[in-house]
Amino acid sequence: MASMVNTVSASFSYNPSLLKNHQSSKIASIKVGRARDFSVRAEAINPQIRKEEAKVVDSVEVTELSKPLTAYCRCWRSGTFPLCDGSHVKYNKETGDNVGPLLLKKQK
């Protein structure tokens with residue numbers, strides 16, 4: 001018996017002018033298909049983990065890496081995703097969050 005999978009095209013847009021009444025959250029509009037619009041509010045990524053720290057950064061040592069240090073994005077805003085480009089700094093200031101990158105370090 002053949003299985004059927006439905007795929008839906010989707011587009012994502014971000015409108016900073018919608019933030020006037022929502023200082024601590026992001027509002028985004030997602031258009032799915034032809035006529036369905038959804039609004040999504042993105043709150044802090046890290047609502048409770050180690051909130052006493054200014055920025056949560058974790059490091060993992062790996063034996064086989066081509067570079068001595070590689071930073072991976074955990075805020076989902078990097079222009080070079082999945083690699084970190086520092087976008088979390090602006091995001092953290094706007095939302096009060098403290099998310100930082102995951103650092104993979106080459107084990108010596």
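Predicted model: local features only at pLDDT ≥ 70, side-chain atom pairs only at ≥ 80, totals over all residues.

Reply: Begin with one residue and its place. Trp76 is found in the loop between β5 and α1.

Me: Is Trp76 buried or exposed?

Reply: Exposed means over 50% relative accessible area. Trp76 has a relative accessible area of 66%, so it is exposed. Its backbone deserves a look too: phi of Trp76 is near 65 degrees, a positive value in a residue other than glycine.

Me: Which residue in the loop between β3 and β4 can I look at next?

Reply: Take Arg50, which is in that loop, with β3 covering residues 36–42. Phi of Arg50 is positive as well, near 45 degrees, and Arg50 is not a glycine. Its relative accessibility is 29%, so Arg50 counts as partly exposed.

Me: Which peptide bond is cis?

Reply: The bond from Phe81 to Pro82 is cis, with omega near 20 degrees. Pro82 lies in the loop between β5 and α1.

Me: What is the overall secondary structure of the protein?

Reply: There are 1 helix and 6 strands. Along the sequence they follow the pattern β-β-β-β-β-α-β. Of the 108 residues in the protein, 22% are buried.

Me: How do I read a sheet?

Reply: Strands of a sheet pair through backbone hydrogen bonds, either parallel or antiparallel. In this model an open sheet of 3 strands has the order β4-β6-β5, with mixed pairing.

Me: Which strands stand at the edges?

Reply: β4 and β5 do. Each has a single partner strand, so one side of each is left without a neighbour in the sheet. From one strand to the next, the twist averages 20 degrees.

Me: How many bridges join β4 to β6?

Reply: Strand β4 (residues 56–62) and strand β6 (residues 99–106) are joined by 6 bridges and run parallel. Within this pairing, Glu61 stands opposite Lys105 in β6.

Me: How many bridges join β5 to β6?

Reply: Strand β5 (residues 69–72) is joined to β6 by 4 bridges, and these two strands run antiparallel. Leu69 stands opposite Lys105 in β6.

Me: What about the helix?

Reply: Helix α1 covers residues 87–95, and Lys90 is in it. With a relative accessible area of 58%, Lys90 is exposed. The C-alpha atoms of Lys90 and Arg77 are separated by 9.7 Å, while the two residues are 13 residues apart along the chain.

Me: How many disulfides does the count come to?

Reply: A disulfide is a covalent bond between the sulfur atoms of two cysteines. To be counted, the two sulfur atoms must be within 2.5 Å. By this rule the count comes to 0 disulfides. Cys75 is in none: the nearest cysteine sulfur, that of Cys73, is 3.8 Å away. Cys84 is in none either, and its nearest cysteine sulfur, again that of Cys73, is 6.0 Å away.

Me: How accessible are Cys75 and Cys84?

Reply: Buried means under 20% relative accessible area. Cys75 is at 3%, so Cys75 counts as buried. Cys84 is at 23% and counts as partly exposed.

Me: How do I read contacts along the chain?

Reply: Ask how far apart in sequence the partners are. Among contacts between residues at least 6 apart in sequence, 51% join residues at least 24 apart.

Me: What is the mean pLDDT of the protein?

Reply: The pLDDT is the predictor's confidence in each residue, from 0 to 100. Its mean over the protein is 74, and 60% of the residues reach 70 or more. Over residues 1–14 the pLDDT is below 50, and this stretch has 18 contacts in the model beyond near neighbours in sequence. Over residues 18–31 the pLDDT also stays under 50, with 43 contacts beyond four places in sequence.

Conventions:
Residues numbered from 1 in each chain as written. Heavy atoms only, no water. Buried < 20%, exposed > 50% of the residue type's maximum accessible area, 1.4 Å probe, protein only. Pairing = 2+ DSSP bridges. Contact = heavy atoms within 4.5 Å. Axes fitted to C-alpha atoms, helices over the stretch in contact; angles between N-to-C directions.
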